[in-house]
Amino acid sequence: MSGQTGNPLNNASPLAPEWLAVPADLNALHEPMWAAGVARNNAGELAIDGIPVSELKRQFGTPLFVMSENDFRARARAFSDAFNDAFADICGGVDVYYAGKSFLCTAVVRWVEEEGLRLDTASGGELAVAHRAGIPGADVALHGNNKSDAEIHRALDMQLGRIVVDSLAELERVAKIASARGETAKVMLRLTPGVHAHTHEFIATAHEDQKFGLSMAGDSTDQAGLSAAEEAVAAATSYHGIELLGLHCHIGSQIFEPDGFALAAVKLLHFLAAMQEKYSIVLPELDLGGGYGIAYTPVDTPRPPAEIAQAMAAVVRSTCAELGIKSPRISIEPGRAIVGSTTFTLYEVGTLKTVRVDAPAAAGGETGEAGESAAENVTYPRRYVSVDGGMSDNARPVLYDADYSAVVASRTSDAAPQLSRVVGKHCESGDIVVRDVYLPEDVAAGDLLAVPGTGAYCWALSSNYNYLARPGVVAVRDGSARLIVRGETEQDLLNRDMGV
């Protein structure tokens with residue numbers, strides 16, 4: 001039976017991953033992946049707040065990041081309200097810091113401030129955006145494992161509410177710079193609690209063998225055998241120019257299960273209690289980080305903010321009672337969970353091609369004359385759908401094997417589903433936007449395709465690979481669309497070329 005072929009257009013393809021089911025309706029939208037206000041209009045075209053994607057393409061071109069401002073604000077309020085309610089009786093509420101590294105521009109900073117959140121930054125450039133937007137420095141935090149002296153000076157210039165120190169050497173530098181200026185730096189210590197987050201290795205940040213934070217294990221070079229974390233507490237209490245606010249941790253990103261957050265909270269509260277007793281100090285703040293997952297595919301099941309907040313509050317409440325300590329002021333740092341689902345990327349389809357790939361025969365398939373399986377030589381179609389962007393506007397699939405989904409946005413279709421791979425136009429075989437998705441068999445050049453869940457770490461990680469200009473970002477609110485980040489032009493790319 002060599003050379004046998006299969007045609008699984010109306011059934012699940014053996015080439016598809018187990019989690020990917022054939023949609024009952026290729027035109028339907030799985031709501032958790034999309035911003036509120038995104039729906040198909042009467043003509044079958046995808047629209048956001050009533051604006052059809054064809055109009056967005058006409059005004060702004062493609063590729064294009066399309067963001068719902070109302071949805072961003074609603075998600076920000078949801079985190080603030082849920083955590084303040086859950087922790088009201090424990091520590092009077094929670095300080096919610098939006099993790100700017102997920103996506104940042106001056107408009108977003110203003111939304112964050114207007115919704116009562118604070119801002120977490122991770123570089124001098126992000127501080128520059130914060131300063132330009134006018135948010136008070138007291139509401140800004142600075143992260144980073146390798147802050148430059150210039151970034152530390154800028155943090156002090158802006159009178160930041162906290163500098164999250166990542167190492168003993170950095171603690172010493174911050175103390176020296178602040179003392180030389182005759183000022184006091186407000187500092188939190190980032191600890192690595194050794195909690196394994198169930199996520200991709202590159203975005204798990206609380207285990208020992210990685211670059212972030214002060215270890216809570218006894219691996220310091222200190223003569224007394226103190227952990228790096230305890231050594232930092234002892235040093236911070238002795239440095240002039242340092243006000244030690246408390247402790248910080250972040251266990252990773254795109255996490256759905258609450259166990260890791262709970263374990264990290266318990267470990268840090270035990271450490272905080274031990275430090276308060278040993279050094280006769282009060283550490284008034286504890287930041288439990290972020291990393292809450294969102295829906296990139298129909299099988300992703302993110303938890304609502306209220307559920308996360310109640311679970312974390314229960315752990316903090318019980319642990320503080322067990323330790324006999326007053327709860328510190330809690331803060332959190334959601335980024336992806338606020339901005340991720342607010343945005344979709346709009347592409348135009350170009351080249352299409354179909355290849356045939358060997359795969360095991362589907363269950364109940366044909367057999368040879370002697371009854372033996374013909375699975376070894378069965379081939380199935382996989383279609384490649386090329387779009388006018390790619391890894392330059394979404395590097396996450398190539399960096400983390402991240403999964404996304406996609407729909408035809410410019411129309412509906414009654415055609416049969418075909419397993420497809422959405423790819424970019426870059427000179428890399430790994431330039432994949434959506435690895436596996438069922439799209440209508442009649443997808444054609446000129447169709448518009450929408451990929452949801454691209455608000456976080458897509459524009460932020462974008463590049464000019466192959467000299468593609470980075471896309472613009474459009475914010476839509478109440479039926480009106482405006483650019484909040486202008487797309488680059490070829491002239492922008494050439495302006496930095498000195499020609500020598």
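Reader: Why are helix 2 and helix 3 called oblique to each other?

Author: Their axes cross at roughly 40°. Angles under 35 degrees count as roughly parallel, over 145 as roughly antiparallel, 65 to 115 as roughly perpendicular, and the rest as oblique. The crossing angle of roughly 40° falls in the rest, so helix 2 and helix 3 are oblique. This is a predicted model, where local features need pLDDT of at least 70, side-chain atom pairs need 80 or more, and totals for chains, interfaces and linings use all residues. Residues are numbered from 1 along each chain as its sequence is written, and side-chain values use heavy atoms, without hydrogens and water.

Reader: Which residues make the contact of helix 2 with helix 3?

Author: Contact means heavy atoms within 4.5 Å. Helix 2 brings Glu 69, Phe 72 and Arg 73. Helix 3 brings Val 108, Trp 111, Val 112 and Glu 114. By class, that is four nonpolar, no polar and three charged residues.

Reader: What makes Arg 73 and Glu 114 a salt bridge?

Author: A salt bridge needs a side-chain nitrogen of Lys or Arg within 4 Å of a carboxyl oxygen of Asp or Glu. For Arg 73 and Glu 114, the N to O distance is 2.6 Å. That is within 4 Å, so the pair counts as a salt bridge. Arg 73 sits in helix 2 (residues 69-91) and Glu 114 in helix 3 (residues 106-114), 41 residues apart.

Reader: How do you know whether Arg 73 is buried or exposed? And Glu 114?

Author: Buried means under 20% relative accessible area, exposed over 50%, and partly exposed in between, with a 1.4 Å probe and protein chains only. Arg 73 has 8%, so Arg 73 is buried. Glu 114 has 55%, so Glu 114 is exposed.

Reader: What links Glu 115 and Arg 77?

Author: A salt bridge, at 3.2 Å from N to O. Glu 115 lies in the loop between helix 3 and strand 6 (118-121), and Arg 77 in helix 2. Glu 115 is at 15%, therefore buried. Arg 77 is at 38%, therefore partly exposed.

Reader: What makes Asp 149 and Arg 173 a pair?

Author: Their closest N and O atoms are 2.5 Å apart, a salt bridge. Asp 149 is in helix 5 (residues 149-157) and Arg 173 in helix 6 (residues 168-180). Asp 149 has 40% relative accessible area, so Asp 149 is partly exposed. Arg 173, at 27%, is partly exposed too.

Reader: How many salt bridges does a search of the whole structure find?

Author: The search finds 32.

Definitions and conventions. Helices (H or I, at least four residues) and strands (E, at least two) are DSSP runs, numbered from the N terminus. Axes are lines fitted to C-alpha atoms, for helices over the stretch in contact, and angles run from 0 to 180 degrees between N-to-C directions. Ala, Val, Leu, Ile, Met, Phe, Trp, Tyr, Cys and Pro count as nonpolar, Asp, Glu, Lys and Arg as charged, and the others, Gly among them, as polar.
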